[in-house]
Amino acid sequence: MQFKQEQMEFVNQLLYPMLILKKDRDEERPLSSLEEQLEDIVEEMKQMSIPLEPYKDNIRYYYKDDVLSNFFMNVKNILHYRSFEAYAEDLEKIDEEEIKKQLMTNIVKQDEEEASVEDKVTELLGNQFAFLDFLKNLPIDDTLRWNYFTIMSQPKKFVEDFITLHQTLKPIFEKVYAEYLPILEKSYEEFETTVQEHPTILVEAFSGTKLIEEIDWKSDEISVIPTLLLSDFFFQDSEILILGAKSLEVIQHIIQTKLDKQQERINVFKNLGDKTRYQIFCEIAKGTKSVKGIAEQLGITSATVSYHINELLLSNLVVHGWNKKDCTQAIYTELITEVMNGLMEDSFMTNTLENEK
C-alpha cells in the first residue's frame, strides 16, 4: 500500500468540484440513515462546497455526466502528474481527432446493445449523420444529446474550457486544501495503522463485496490518495483507493451499526425464545386487547402476562399503548421484518436463494 502524497494535491484539485454535486444530491433527496447519523460530516462537506456555488453550472456540465467526466478523471492515467499545470499542458497537446475518439468511445459505451465499441466508434467518427442517428436512439435526455453534439463539433474548446474552469477555481481550492492538508495526511496514517492492526475491518464493513475481500493491503500495487470527499471510499481500476479524509470514521460507524443490529436480532430471538412469552406475543398479534384476556386465553396469571409484556415492550417487539382502544398496531412489524432480513444476511440465506433462482 503506497501513500501517493506527491499526487495528492493534484488529484484533490480534480475531485474538489464534485462536492457541489454532493450538495445538489443531498438537497434533491432525503438523507440516508447513515448520512443522518453522520450528519456532521455531511454538513462539513456542504460548507466546503459553498465557494463553488457561483460556478455550479459549469461544474455540473463537466462532472455530472460520466461520459464527460471520465475523459478528464481517470485517476489511474494521471497519477504521474504533480500539478494541474503539467496536466493542462498535456491536455492542450491532444489533437482534435484523439479528443473526439476518446469522447466517442465513452458515448458508445452507453449503448449496452453495442457489441463492438471500437468498430462503432470508427463508423461514427467518419459519418456525422450516423452519429446523429446514434445519439437520437440513446436513452439519454435531450440536454445531453445536445452537449455531445456540440462538444464533438468543437473538441478543443471543450478541453480548453475545462482548463479555464480549474484555473478559475484554483484560488478557492488552494484555500480549502491548505486548511485540510493536516487532516488528509493524518487520515492516511490512521487508515494504514487500522488496516495493519485490524486487516479484516473493511471486509466487516463491506461484507459480500468481492473486490475488498480479495485485497492484499501489504501489496505495493495499491495506491491510496486521501481526498476532500470526506466520507467517500472507493476503488478505481482495483488499484487506486480514493480515501475520504473521514471515511475511516464512516467505516467504523458502519461496523458498529452492524454489531448493534446483530445484537438487536439476538435480543429479539432471545426474548421470543421463552415459550410463554412467545404465546403472549402471538395473542397480542391476533388482537387480544387486555392482560386479563390473554391470561384467560393461555390459562396463566395476569401477573405472569404483565411481566412478559414488559419484556416485550423493552425489546420493542410490542408498542407502548398496545391495549388501548385506539391502538391499531400492537406489534412493531418493522422490527420483525428488519430482524428476519438481518437473519437472512447473517446466514447468507439471501445469496443462496438468489443462486437457486
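Lys93 and Glu89 sit four residues apart in helix H8, so about one helical turn separates them. I looked up their side chains and found a salt bridge, 3.8 Å from N to O. Lys93 is exposed at 61% relative accessibility. Glu89 is partly exposed at 45%. I note that this is a predicted model.

I then searched the whole structure and got 14 salt bridges. One of them joins Lys170 to Glu85, with the closest N and O atoms 2.5 Å apart. Lys170 belongs to helix H13 (residues 155–197) and Glu85 to helix H8 (residues 84–93), so this pair ties together parts 85 residues apart in sequence. Both are partly exposed: Lys170 at 24%, Glu85 at 43%. I also traced a salt-bridge network linking Glu85, Lys170 and Glu174.

Next I checked helix H16. Glu264 and Lys261 meet there in a salt bridge of 4.0 Å, N to O. They are three residues apart, so the separation is again about one helical turn.

I turned to surface patches. Glu36, Glu39, Asp40, Glu43 and Glu249 form a negative one. H4 supplies its largest share, three residues. Glu249 comes from H16 (residues 247–272) and is partly exposed at 42%. A nonpolar patch of about 250 Å² is made by Phe269, Met340 and Leu343. Met340 lies in helix H20 (residues 333–346).

Last, which residues of H4 (residues 39–49) are buried? I list Ile41, Val42, Glu44, Met45, Met48 and Ser49. Their arc around the axis is only 160°, so they lie on the same side of H4.

Definitions and conventions: Residues numbered from 1 in each chain as written. Predicted model: local features only at pLDDT ≥ 70, side-chain atom pairs only at ≥ 80, totals over all residues. Heavy atoms only, no water. Buried < 20%, exposed > 50% of the residue type's maximum accessible area, 1.4 Å probe, protein only. Helix = DSSP H or I, 4+ residues; strand = E, 2+ residues; numbered from the N terminus. Arc of directions from axis to C-beta. Patch = residues over 30% accessible without salt bridge, like charges linked within 9 Å, V, L, I, M, F, W, Y side chains within 5 Å. Areas by Shrake-Rupley, 256 points an atom, 1.4 Å probe, with all protein chains shown as cover. Lys, Arg positive; Asp, Glu negative; His and termini not counted. Charge placed at Lys NZ, Arg CZ, Asp CG, Glu CD.
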